[in-house]
Amino acid sequence: MIAFPSPNFSDRRGGALPSLIVIHYTAMASCAEARARLCAPEHEVSAHWLLSEAGQAEALVPEALRAWHAGVGAWAGITDVNSHSIGIELANTGSQPFPEPQMAALEDLLRGIMARWQIAPQGVIGHSDMAPLRKSDPGARFDWRRLARQGLSIWPADVAAAPAEAFLPALRCFGYPEAPPEALLTAFRLRFRPTARGPLDSIDAGMACALARRFAVDDAPVPA
């Protein structure tokens, strides 16, 4: 681990503690270029961690503080995501596979963060999950299922076809924010069905309902 302190941080508001981890890609040509931007005061952006393509973990903002990585969005009713999350940037242009050393380093980093802050697997989300109108990272090439197999994220189990009208209520049940249906479908498929095309179908709805039954936010109505 190497430290490259960024000046772009503040205190977490209202005494919040991290309950989410937001995964991003940098969308820049190199890790060095991304680091320069995340550490430049004039850009007013940062993350807690930056992972290079070779798997080098770079600490930019202490985890106890509020990095400026998430922007406008929400997850599971949380609207100030920066105050409630830890942000991890993966050096990637957005069109490349994520190299094995980088994925292995991410897994190690996630295990440590989740243990330190008692974050559940359902708290590990993508930038596109919390900001479906604005963001697409970490994108269709990111292997969420690999993380889920190790208890580092979630994946739908016991999926059965469900009516299309169950899709949006199910998404809201386990965390997705209010957004137009087409934006929510795109975000959901980026994470759980990256090869799917066409209109919403019973498989999308079935996967969403399976997730809602297992990971419903407190007091959310669970689909039958």
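**Around Lys-135**

Guide: Leaving aside neighbours within four places in sequence, Lys-135 is in contact with His-127 and Ser-128, where contact means heavy atoms within 4.5 Å. This is a predicted model, in which local features need pLDDT of at least 70 and side-chain atom pairs count only at pLDDT 80 or more, while totals for chains, interfaces and linings use all residues. Residues are numbered from 1 along each chain as its sequence is written, and side-chain values use heavy atoms, with hydrogens and water left out.

Visitor: Where does Lys-135 lie?
Guide: In the loop between helix H3 (127-130) and helix H4 (144-149). Helices here are DSSP runs of H or I with at least four residues, numbered from the N terminus.

Visitor: And why does Lys-135 count as partly exposed?
Guide: Because its relative accessibility is 32%. Buried means under 20% relative accessible area, exposed over 50%, and partly exposed in between, using a 1.4 Å probe and protein chains only.

Visitor: OK, switching to the core. Which residues have the most contacts inside the largest one?
Guide: Ile-88, Leu-106 and Phe-188, in a nonpolar core of 56 residues. Such a core is a set of buried Ala, Val, Leu, Ile, Met, Phe, Trp, Tyr and Cys residues joined through side-chain atoms within 4.5 Å.

Visitor: Which helix gives the most to this core?
Guide: H7 (residues 202-215), with seven residues.

Visitor: Is H7 mostly covered or mostly open?
Guide: Mostly covered, with ten of its 14 residues buried. Among them are Asp-204, Met-207, Leu-211 and Phe-215. The buried residues of H7 pack against helix H5 (167-174) and H6.

Visitor: How do the axes of H6 and H7 cross?
Guide: At roughly 75°, and the axes of H6 (residues 181-192) and H7 come within 11 Å. Axes are lines fitted to C-alpha atoms, for helices over the stretch in contact, with angles from 0 to 180 degrees between N-to-C directions. The two helices are therefore roughly perpendicular, a label for 65 to 115 degrees.

Visitor: Which residues meet there?
Guide: Leu-185, Phe-188, Arg-189 and Phe-192 in H6 meet Asp-204, Met-207, Ala-208 and Leu-211 in H7. Phe-188 also has a place among the residues with the most contacts inside the largest core.

Key: Parallel < 35°, antiparallel > 145°, perpendicular 65-115°, else oblique.
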